[in-house]
Amino acid sequence: MPLDFVVLGQNGAPEKTLSLGVDLHHELIASAFSCGIMRFQDFSDYYEDAEITVDDLAGLADQVRALRAQVGSIDLQYFLDGLSELIGYAITNGKALHAIAD
């Protein structure tokens with residue numbers, strides 16, 4: 001049961017999705033906390049949905065890049081690269097980013 005980061009379409013169905021497993025989620029949150037990057041607190045509960053509005057996506061994108069530069073885990077870097085792309089897609093299309101616990 002992953003935590004899915006999604007951009008939703010007009011009908012509420014996912015347009016683009018990026019999934020995060022529980023182990024990598026733990027690594028993400030622990031790494032962000034240890035680096036003092038607080039924007040990831042919105043996603044700290046693996047079993048709770050979250051929404052990042054269009055207005056807040058640029059700040060999240062900055063923090064994703066900052067965290068990406070500080071982590072050594074290839075798996076976490078790969079996830080953060082995908083998250084950056086998803087955020088860019090959301091910004092380009094004027095849509096929020098959702099984290100949906102399945």
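Two strands count as paired if DSSP finds at least two bridges between them. Keep that in mind for the exercises below, and remember that you're looking at a predicted model.

**Exercise 1. Find the strand residue that stands opposite D4, and place its strand in the sheet.**

Step 1. Start with the strands. β1 covers residues 3-8 and β4 covers residues 97-101, and the two pair in the antiparallel sense over 4 bridges. That clears the cut-off of at least two bridges.

Step 2. Now look across from D4: you land on I100 in β4.

Step 3. Zoom out. The sheet is open, has 4 strands with antiparallel pairing, and runs in the order β2-β1-β4-β3. The edges belong to β2 (14-20) and β3 (50-52); each has a single partner strand, so one side of each is left without a neighbour in the sheet. On average, neighbouring strands here are turned by 20° against each other, direction ignored.

**Exercise 2. Describe α3: its span, its buried residues and what follows the helix.**

Step 1. Check the span. With 19 residues, α3 reaches 27 Å from its first C-alpha to its last, close to the 27 Å expected at 1.5 Å a residue.

Step 2. List what's tucked away. The buried residues of α3 are L76, Q77, F79, L80, G82, L83, L86, I87 and A90. The elements covering them include β1, β2, α1 (22-34), α2 and β4.

Step 3. Step past the end of the helix. α3 is followed by G94, whose phi is positive, near 65°.

**Exercise 3. Classify the ring pair of Y46 and Y47, then say whether each residue is buried or exposed.**

Step 1. A search of the whole structure turns up 4 aromatic pairs. For Y46 and Y47, the ring centres are 5.1 Å apart and the planes sit at 85°, so this pair is edge-to-face.

Step 2. Compare accessibility. Y46 has 7% relative accessibility, so Y46 counts as buried. Y47, with a relative accessible area of 57%, is exposed.

Step 3. Look for other rings. F5, F40, F43 and F79 are linked into a cluster by ring pairs. There's also a charge to spot: K16 lies over the face of Y89, at 5.2 Å from the ring centre.

**Exercise 4. Decide whether H25 and S31 are buried or exposed, and find their contacts beyond four places in sequence.**

Step 1. Locate them. H25 is in helix α1, and S31 is in helix α1 too.

Step 2. Apply the cut-off: under 20% relative accessible area means buried. H25 comes in at 6%, so H25 is buried. S31 comes in at 15%, so S31 is buried as well.

Step 3. Set aside neighbours within four places in sequence. H25 is then in contact with L3, L20, F43, S44, D45 and Y46. On the same terms, S31 is in contact with L67, V71 and L76.

Step 4. Follow one of those contacts. S31 and L67 are 36 residues apart in sequence, yet their C-alpha atoms are 7.7 Å apart in space.

Definitions and conventions. Residues numbered from 1 in each chain as written. Predicted model: local features only at pLDDT ≥ 70, side-chain atom pairs only at ≥ 80, totals over all residues. Heavy atoms only, no water. Axes fitted to C-alpha atoms, helices over the stretch in contact; angles between N-to-C directions. Expected span 1.5 Å × (residues − 1). Buried < 20%, exposed > 50% of the residue type's maximum accessible area, 1.4 Å probe, protein only. Contact = heavy atoms within 4.5 Å. Phe/Tyr/Trp six-rings, centres within 6.5 Å; stacked < 30°, edge-to-face > 60°. Lys NZ or Arg CZ within 6 Å of the ring centre and 35° of its normal.
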